[in-house]
Amino acid sequence: MSRITFLGASAMSLSMLFELILDQHAHAKVEIINNSDSALDDPFLPEGMEVPIIKAENWSPTSEEIYLLGVNLPKTKKIVFEYFHRQFDISPQNYGQLIHSSSIFGRTSQSGPGLVMHPLSVVSAQTQLGKMVSLNRGTTVGHHTRIGDYCTLHPAANVAGRCRIGSGVTLGMGANVIDGIHIGSGTFVGAGAVVTRNLPPGVVAYGQPAKVIKEIDNNPFHGT
């Protein structure tokens, strides 16, 4: 029986992740390790399923576990990953992947550890994804595209071919990035935006076509 350990806890993220658990690891033993005092007030578990939530200070890792991040936002993913790497020496190679059975990952593509692909997401040919990338429901990534660490694509976001997406980028629901575009690390692209020109790192962009609205203070992905 598989043993899956979620590091970090967001009720909204976990509610979606448990759909993937039931699809791929229906009989797995699952636990959640929370490194903060925040409570999970919203329901996130399927009815009848019990999963222990353990404070990190009371937990010890084992060699039998498959690790996954229980959060979805790029900044939070980076914080949680670095915390458990620092405190428990959990390296990227210790993380597994969750890919829904309805999703498609190109045979000539590659991904780093911690990849999460929700239902109906597609990664095309000759594409490379970094570590801890999250592709939410109905997202598509085109051929020969490169996506950096910790990126999150929200539902129905679309990245065309030959794009370069830096680390920690967020693409909002229904955002579209046309062929050959470069987006700098830590940039946030709003829902429904159409990116027709390159975007610098550490900015917020909205609109059709997308325009820079403001810079992000203290971009946690600066220089990555």
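**Salt bridges and nonpolar cores**

Glu31 is a buried residue, with a relative accessible area of 6%. The model in which it is seen is a predicted one. The search of the whole structure finds five salt bridges, and the largest nonpolar core has 26 residues.

**The pair Glu31 and Arg3**

- Side chains of opposite charge can pair when their charged atoms come close.
- The side chains of Arg3 and Glu31 form such a salt bridge, at 3.4 Å from N to O.
- Arg3 belongs to strand 1 (residues 3-7) and Glu31 to strand 2 (residues 29-34), so this pair ties together parts that are 28 residues apart in sequence.
- Arg3 is partly exposed, with a relative accessible area of 22%, whereas Glu31 is buried.

**The pair Lys131 and Asp149**

- Lys131 and Asp149 meet through their side chains in a salt bridge of 3.0 Å, N to O.
- Asp149, at 23% relative accessibility, counts as partly exposed.

**The pair Asp179 and Arg162**

- A salt bridge also joins the side chains of Asp179 and Arg162, at 2.1 Å from N to O.
- This pair links distant parts of the chain, 17 residues apart: Arg162 is in the loop between strand 15 (158-159) and strand 16 (164-165), and Asp179 is in the loop between strand 18 (176-177) and strand 19 (182-183).
- Both partners are partly exposed: Asp179 has a relative accessible area of 36%, and Arg162 has a relative accessibility of 45%.

**The nonpolar cores**

- In soluble globular proteins, nonpolar side chains tend to be buried together.
- Within the largest nonpolar core, of 26 residues, those with the most contacts inside it are Leu135, Ile165, Leu171, Val177, Ile183, Val189 and Val195.
- Another core, of 16 residues, lies apart from this one and includes Trp59, Tyr83, Tyr95 and Met132.
- When its neighbours within four places in sequence are left aside, Ile165 is in contact with Arg146, Ile147, Gly148, Cys151, Val159 and Ile183.

Definitions and conventions:
Residues are numbered from 1 along each chain as its sequence is written. This is a predicted model: local features need pLDDT of at least 70, side-chain atom pairs count only at pLDDT 80 or more; totals for chains, interfaces and linings use all residues. Side-chain values use heavy atoms; hydrogens and water are left out. A salt bridge is a side-chain nitrogen of Lys or Arg within 4 Å of a carboxyl oxygen of Asp or Glu. Helices (H or I, at least four residues) and strands (E, at least two) are DSSP runs, numbered from the N terminus. Buried means under 20% relative accessible area, exposed over 50%, partly exposed in between (1.4 Å probe, protein chains only). A nonpolar core is a set of buried Ala, Val, Leu, Ile, Met, Phe, Trp, Tyr and Cys residues joined through side-chain atoms within 4.5 Å. Contact means heavy atoms within 4.5 Å.
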